[in-house]
Amino acid sequence: MDPKQEAEILMNELLPVAQKMLLNYGEFFPYGGYMKPDGEIVHVGAKDTATDRPKSKDLIAILQNSLREIVRNRQCKVVAIAYDVIVTLPKSNRRSNAIQVCVDHAKNYSAEIFFPYQISNGEVVVGDAFAQEGSYSLFTVQ
């Protein structure tokens with residue numbers, strides 16, 4: 001399997017968590033996961049003990065630090081963080097809520113994938129996904 005395929009497996013494992021939280025609560029806190037060298041997927045959460053309503057940017061920083069430590073210890077080959085964002089949709093000036101999944105692979109692959117969504121009639125309706133090159137930020141510590 002190539003790095004992109006492994007990143008997609010991790011992303012597809014994480015996405016249903018966001019969809020379930022959106023359906024149940026209308027929002028979700030950032031969370032992440034990683035793929036161990038043997039292919040096992042591990043989900044990772046973050047908590048800010050100083051508050052019951054942590055800021056997403058603080059949780060993302062906590063997740064990044066946790067995942068960098070896992071990378072440093074060579075316990076994974078792919079890492080990902082998912083969070084709720086507002087994006088401008090490609091080919092339009094329309095803004096939309098979206099699930100953003102940032103994936104980094106040890107073999108020089110990084111992507112940011114956006115899944116625009118609406119919550120309508122008791123379900124999460126996901127629109128056409130789009131992606132861009134990622135920041136390669138989590139595997140730079142090696």
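Confidence in the protein chain is lowest in helix 2, at a mean of 92, and highest in strand 1, at 97. Here pLDDT is the predictor's confidence in each residue, on a scale from 0 to 100. The chain as a whole averages a pLDDT of 92, and 98% of the residues score at least 70. The model is predicted; local features need pLDDT of at least 70, side-chain atom pairs count only at pLDDT 80 or more, and totals for chains, interfaces and linings use all residues. Residues are numbered from 1 along each chain as its sequence is written, and side-chain values use heavy atoms, with hydrogens and water left out. Helices (H or I, at least four residues) and strands (E, at least two) are DSSP runs, numbered from the N terminus.

The nonpolar interior was examined next. A nonpolar core is a set of buried Ala, Val, Leu, Ile, Met, Phe, Trp, Tyr and Cys residues joined through side-chain atoms within 4.5 Å. Buried means under 20% relative accessible area, exposed means over 50%, and partly exposed lies in between (1.4 Å probe, protein chains only). The largest nonpolar core holds 22 residues, of which Met11, Ile99, Val101, Val103 and Phe115 touch the most other members. At least two residues of this core come from each of helix 1, strand 1, strand 3 (78-88), strand 4 (95-105) and strand 5 (109-120). Helix 1 supplies the largest share, 7 residues. Another core, of 21 residues, lies apart from this one; Val42, Cys76, Val85 and Val87 are among its members. In soluble globular proteins, nonpolar side chains tend to be buried together.

Ile99 has contacts (heavy atoms within 4.5 Å) with residues from several parts of the sequence. Neighbours within four places in sequence aside, Ile99 is in contact with Leu15, Ala18, Gln19, Leu22, Phe28, Tyr83, Ile113, Phe114, Phe115 and Tyr117.

Rings of Phe, Tyr and Trp (its six-membered ring) pair if their centres lie within 6.5 Å; planes under 30 degrees apart count as stacked, over 60 as edge-to-face and the rest as tilted. The whole structure contains 2 aromatic pairs. Phe28 and Tyr31 are edge-to-face, at 5.8 Å centre to centre and 65 degrees between the planes. Phe28 is buried, at 8% relative accessibility. Tyr31 is also buried, at 8%. Phe114 and Phe130 form a stacked pair, at 5.1 Å centre to centre and 15 degrees between the planes. Phe114 lies in strand 5 and Phe130 in strand 7 (residues 130-133), so this pair ties together parts that are 16 residues apart in sequence. Both Phe114 and Phe130 are buried.

Charged pairs follow. A salt bridge is a side-chain nitrogen of Lys or Arg within 4 Å of a carboxyl oxygen of Asp or Glu. The search of the whole structure finds 5 salt bridges. In one of them, Glu8 pairs with Lys4, the closest N and O atoms being 3.6 Å apart. Glu8 and Lys4 are 4 residues apart in helix 1 (residues 3-25), a separation of about one helical turn. Glu8 is partly exposed at 32% relative accessibility, and Lys4 is partly exposed at 42%. Another salt bridge joins Arg53 to Glu27 (3.4 Å, N to O). Arg53 lies in the loop between strand 2 (41-44) and helix 2 (56-72), and Glu27 in the loop between helix 1 and strand 1 (31-35), so the pair ties together parts that are 26 residues apart in sequence. Arg53 is exposed, at 55%, whereas Glu27 is partly exposed, at 37%. Lys36 and Glu40 also form a salt bridge (3.4 Å, N to O). Lys36 is partly exposed at 28%, as is Glu40 at 40%.

Strand pairing and turn geometry complete the picture. Two strands pair if DSSP finds at least two bridges between them. Strand 5 and strand 6 (residues 123-126) pair in the antiparallel sense over 4 bridges. Val124 in strand 6 is the bridge partner of Ile119. Asn121 is exposed, at 80% relative accessibility. Lys91, also not a glycine, has a positive phi near 65 degrees. Lys91 is found in the loop between strand 3 and strand 4 and is exposed, at 90% relative accessibility.
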